[in-house]
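I wanted to go through this one with the viewer open and jot down what I looked up. These are my notes, in the order I took them.

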There are 2 protein chains.
Amino acid sequence: MRIGILGSGRMGGKLGTLFARVGHDVVFSYARSEQKLKRLARNAGKTARAGTPREAARDADAVLLAVHWSRVEDVLKQAGDLSGKIIATCSLPMNADDTELVVAHDISGAEALAKMARRAKVVAAFGTVPSEVLFSVFEAKRRATRPSLVYCGDDRDAKDAVAGLIRDVGFDPVDAGPLRIARHTEPFTLLIAQLAYEGDRGPELAYRFEWRAR
Amino acid sequence: MRIGILGSGRMGGKLGTLFARVGHDVVFSYARSEQKLKRLARNAGKTARAGTPREAARDADAVLLAVHWSRVEDVLKQAGDLSGKIIATCSLPMNADDTELVVAHDISGAEALAKMARRAKVVAAFGTVPSEVLFSVFEAKRRATRPSLVYCGDDRDAKDAVAGLIRDVGFDPVDAGPLRIARHTEPFTLLIAQLAYEGDRGPELAYRFEWRAR
């Protein structure tokens with residue numbers, strides 16, 4: 001797939017790198033510096049390059065939205081037309097202090113995004129694990145029991161494509177249903193963040209849903 | 001421990017049965033019928049009995065609050081003084097239709113409960129798994145990898161006691177921090193409910209948090 005990374009910070013930088021490692025074409029965009037984008041692209045390998053948000057979006061099948069919530073409008077404006085494209089979003093709708101959700105309860109960040117980018121296909125994914133765990137999950141991906149990663153959205157084909165990306169980076173995709181379920185997955189992410197960053201066991205945390213055999 | 005069950009429905013009935021099986025003194029109260037309470041007590045063994053909410057609470061070290069949210073005020077009134085006692089709550093603050101949280105975002109059901117029962121020690125626990133999975137987790141409790149169960153609260157001793165009960169029924173207790181974290185665990189429960197009741201893999205669902213070894 002051709003994947004544009006909109007927001008090449010901790011999450012976007014790592015996921016883009018892993019997407020490139022399994023052979024996807026990746027364009028990194030929207031980081032603090034041009035140097036950072038170039039360094040990311042160089043480290044990610046020959047299918048990766050640095051670009052502007054517009055370049056990242058132009059030929060992409062999917063974009064990964066991985067900016068702070070306060071930057072969503074700006075990066076979407078810079079990216080240009082996303083009609084028909086998949087937006088996999090891990091942008092949690094946090095306030096400037098990162099202390100609480102500014103969109104919650106009877107709406108979610110993912111649904112708010114779908115209203116901003118009406119003709120794109122929004123799938124909420126990748127937001128529910130800390131960036132710190134991504135490389136170690138990827139490196140262990142041949143293991144029998146992979147950690148889960150929930151995703152939700154309203155477009156079946158877009159969801160299937162994102163499920164493939166989730167599998168590519170070493171997780172077991174768990175379909176949580178329609179996009180409105182992001183109302184639950186976004187607070188779940190805050191629970192994960194609490195366990196990862198406020199507990200004493202460190203941020204390399206993943207989770208697994210286990211259905212019992214009957 | 002002496003444990004009073006306030007609300008002997010699907011969750012309270014099963015948890016009370018398991019508490020009795022490991023040797024705790026259990027009083028079942030507040031079900032649809034007296035017959036149901038007596039049947040539960042008979043099946044749970046010789047350390048269990050049926051009673052009123054007041055009898056369940058009177059000598060208890062801990063009560064399990066497991067009523068529908070619309071019944072919380074009523075059962076607390078019937079239970080009487082809970083000063084100094086532990087309240088382990090799995091009552092999710094749902095509306096009458098069970099379609100959405102009526103208390104959420106900048107407050108949680110567990111915190112609202114702590115305001116109603118000011119001198120009790122509230123610990124949010126047991127709410128995050130479906131009742132359907134409890135017996136199979138209990139039966140598999142000698143396994144090396146147990147499923148997780150998150151709990152949170154503001155009183156250290158009460159939390160330790162509840163962690164012991166979580167272990168007794170076969171789960172690995174995961175301390176999620178202060179009671180306000182119930183703002184995240186309660187929506188997490190809705191994610192679990194979605195996966196358990198709306199997916200195609202059935203309700204016998206548990207979850208496990210996995211920290212990677214460094």
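Before anything else, the contact rule: I call two residues in contact if their C-beta atoms, placed from the backbone, lie within 7 Å. I also kept in mind that this is a predicted model.

**Entry 1**

I started with helix 5 of chain A and asked which of its residues are buried. I got A:G109, A:A110, A:E111, A:L113 and A:A114. Then I looked for what covers the buried residues of helix 5 of chain A. The cover includes helix 4 (72-79), strand 5, strand 6 (121-124) and helix 8 of chain A.

**Entry 1: A:I86**

Strand 5 turned up in that cover, and I picked A:I86 from strand 5 (residues 86-89) of chain A. Is A:I86 buried or exposed? I put A:I86 down as buried, because it has 26 C-beta neighbours inside 10 Å and the cut-off for buried is 20 or more.

Leaving out residues up to four places away in sequence, I listed what A:I86 touches: A:D61, A:A62, A:K121, A:V123, A:A158, A:A161 and A:V162. I also checked A:I86 against A:R119, which is 33 residues away along the chain. Their C-alpha atoms are separated by 9.5 Å.

As background, most residues other than glycine have a negative phi. I noted two that go the other way.

A:D98 has a phi near 60°, which is positive although the residue is not glycine. I found A:D98 in the loop between strand 5 and helix 5 (109-116) of chain A. A:D98 has 10 other C-beta atoms within 10 Å, so I marked it exposed.

In chain B, B:H105 has a phi near 75°, again a positive value in a residue other than glycine. B:H105 belongs to the loop between strand 5 (86-89) and helix 5 (109-116) of chain B. I counted B:H105 as partly exposed, because 15 C-beta neighbours fall inside 10 Å.

Next came helix packing, which is described by the angle between the axes and the distance between them.

In chain A I took helix 1 (residues 10-21) and helix 2 (residues 34-44): their axes come within 9 Å and cross at roughly 30°. That angle makes helix 1 of chain A roughly parallel to helix 2 of chain A. The crossing of helix 1 of chain A and helix 2 of chain A is right-handed. Helix 1 of chain A makes the contact with A:G13, A:G16, A:T17, A:A20 and A:R21, and helix 2 of chain A with A:L40, A:N43 and A:A44. Sorted by class, I have three nonpolar, four polar and one charged residues in the contact of helix 1 of chain A with helix 2 of chain A.

I then turned to chain B. Helix 1 (residues 10-21) of chain B packs on helix 2 (residues 34-44) of chain B at about 30°, with the axes 9 Å apart. Helix 1 and helix 2 of chain B are therefore roughly parallel to each other, and their crossing is right-handed. The contact uses B:G13, B:G16, B:T17, B:A20 and B:R21 of helix 1 of chain B, and B:L40, B:N43 and B:A44 of helix 2 of chain B.

**Entry 2: where chain A meets chain B**

How many residues does each chain bring to the contact? I noted 30 from chain A and 30 from chain B. On the side of chain A that touches chain B, helix 8 (182-198) and strand 9 (205-211) of chain A each supply at least two residues. Helix 8 of chain A gives the most, with nine residues. By class, that side of chain A has 16 nonpolar, seven polar and seven charged residues.

I looked at the strands: strand 9 of chain A and strand 9 (residues 205-211) of chain B run antiparallel and are joined by seven bridges. In this pairing A:R208 stands opposite B:R208.

Last, the helices. The axes of helix 8 of chain A and helix 8 (residues 182-197) of chain B come within 8 Å and cross at roughly 125°. That makes helix 8 of chain A oblique to helix 8 of chain B, and their crossing is left-handed. Among the residues that meet there are A:F188 and A:L191 from chain A and B:F188 and B:L191 from chain B.

Key: Residues numbered from 1 in each chain as written. Chains lettered and ligands numbered in written order. Predicted model: local features only at pLDDT ≥ 70, side-chain atom pairs only at ≥ 80, totals over all residues. Axes fitted to C-alpha atoms, helices over the stretch in contact; angles between N-to-C directions. Helix = DSSP H or I, 4+ residues; strand = E, 2+ residues; numbered from the N terminus. Parallel < 35°, antiparallel > 145°, perpendicular 65-115°, else oblique. Left-handed = near helix turned anticlockwise from the far one by under 90°. Nonpolar A, V, L, I, M, F, W, Y, C, P; charged D, E, K, R; others polar. Pairing = 2+ DSSP bridges. Buried ≥ 20, exposed ≤ 12 C-beta atoms within 10 Å, placed from the backbone.
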